[in-house]
Each structure stands twice: as structure tokens, then as C-alpha cells.
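Visitor: Hi, could you walk me through this structure in plain words?
Guide: Gladly, let us look at it together.

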Amino acid sequence: MLIVETIAKIRRYHFVEGKKIKQIVRDLRISRNTVRKVLRSGATEHRYERDTQPVPKLGPFTERLEALLEEDAK
């Protein structure tokens with residue numbers, strides 16, 4: 001995942017310093033496709049948000065586990 005600093009470096013290298021994509025890839029050691037995506041999007045930050053939160057695998061057993069922990073504490 002890209003952080004804001006890396007995105008800023010990519011944009012600065014390309015637009016201010018005039019470096020080519022190939023040189024940016026070598027300097028930052030990231031994918032050429034990633035550099036292209038950042039330059040084309042114009043975004044200064046990448047975010048990923050889930051649509052739905054997955055249910056934990058222990059979901060059906062939480063009540064029983066809590067009861068066992070309470071018994072063990074006594």
C-alpha cells in the first residue's frame with residue numbers, strides 16, 4: 001500500500017524534477033504500473049474501505065467462551 005509520502009515523491013519527481021517513469025521506478029523500487037496509476041489519477045492519497053465487515057469465525061461460539069471464562073475466573 002502506498003503512503004502519502006511515496007505518492008508525493010512520485011509526483012514531485014515527475015512534475016517538478018522532470019524524471020521519466022523508468023527512473024522513478026528505479027529510484028523508489030516500486031512497480032511501473034503503480035507509478036503510472038499515481039500519475040494518471042491525480043490523487044494525493046489512496047484509500048481502501050470495506051463495504052461490509054466480515055463476521056469473526058468465533059462469532060457463534062462467543063457466548064459459550066465467555067461463560068467458560070467466567071466459570072474459570074470463579
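Visitor: What sits over the ring of Y13?
Guide: The charged end of K19 sits over that ring, 4.3 Å from the ring centre; the rule asks for NZ of Lys or CZ of Arg within 6 Å of the ring centre and within 35 degrees of the ring normal. Please keep in mind that this is a predicted model, where local features need pLDDT of at least 70, side-chain atom pairs count only at pLDDT 80 or more, and totals for chains, interfaces and linings use all residues. Residues are numbered from 1 along each chain as its sequence is written, and side-chain values use heavy atoms, with hydrogens and water left out.

Visitor: Okay, and how many salt bridges are there?
Guide: The count comes to two salt bridges, where a salt bridge is a side-chain nitrogen of Lys or Arg within 4 Å of a carboxyl oxygen of Asp or Glu. K19 meets D27 in one, at 2.8 Å from N to O, and K19 also forms one with E17, whose closest N and O atoms are 3.9 Å apart. Because these salt bridges share partners, E17, K19 and D27 are joined into one network.

Visitor: Is K19 buried, exposed or in between, and which class does it get?
Guide: K19 counts as partly exposed because its relative accessibility is 24%, given that buried means under 20% relative accessible area, exposed over 50%, and partly exposed in between, with a 1.4 Å probe and protein chains only. D27, at 35%, is partly exposed, and E17 is partly exposed at 45%.

Visitor: Switching topic, which residues make up the largest nonpolar core?
Guide: That core has nine residues, namely L2, I7, I10, Y13, I24, V25, V35, V38 and L39; a nonpolar core is a set of buried Ala, Val, Leu, Ile, Met, Phe, Trp, Tyr and Cys residues joined through side-chain atoms within 4.5 Å. At least two of its residues come from each of α1 (4-16), α2 (21-28) and α3 (32-41), with helices taken as DSSP runs of H or I, at least four residues long, and numbered from the N terminus.

Visitor: And what about α4, how many of its residues are buried?
Guide: The count is zero among its 12 residues, so α4 is hardly covered.
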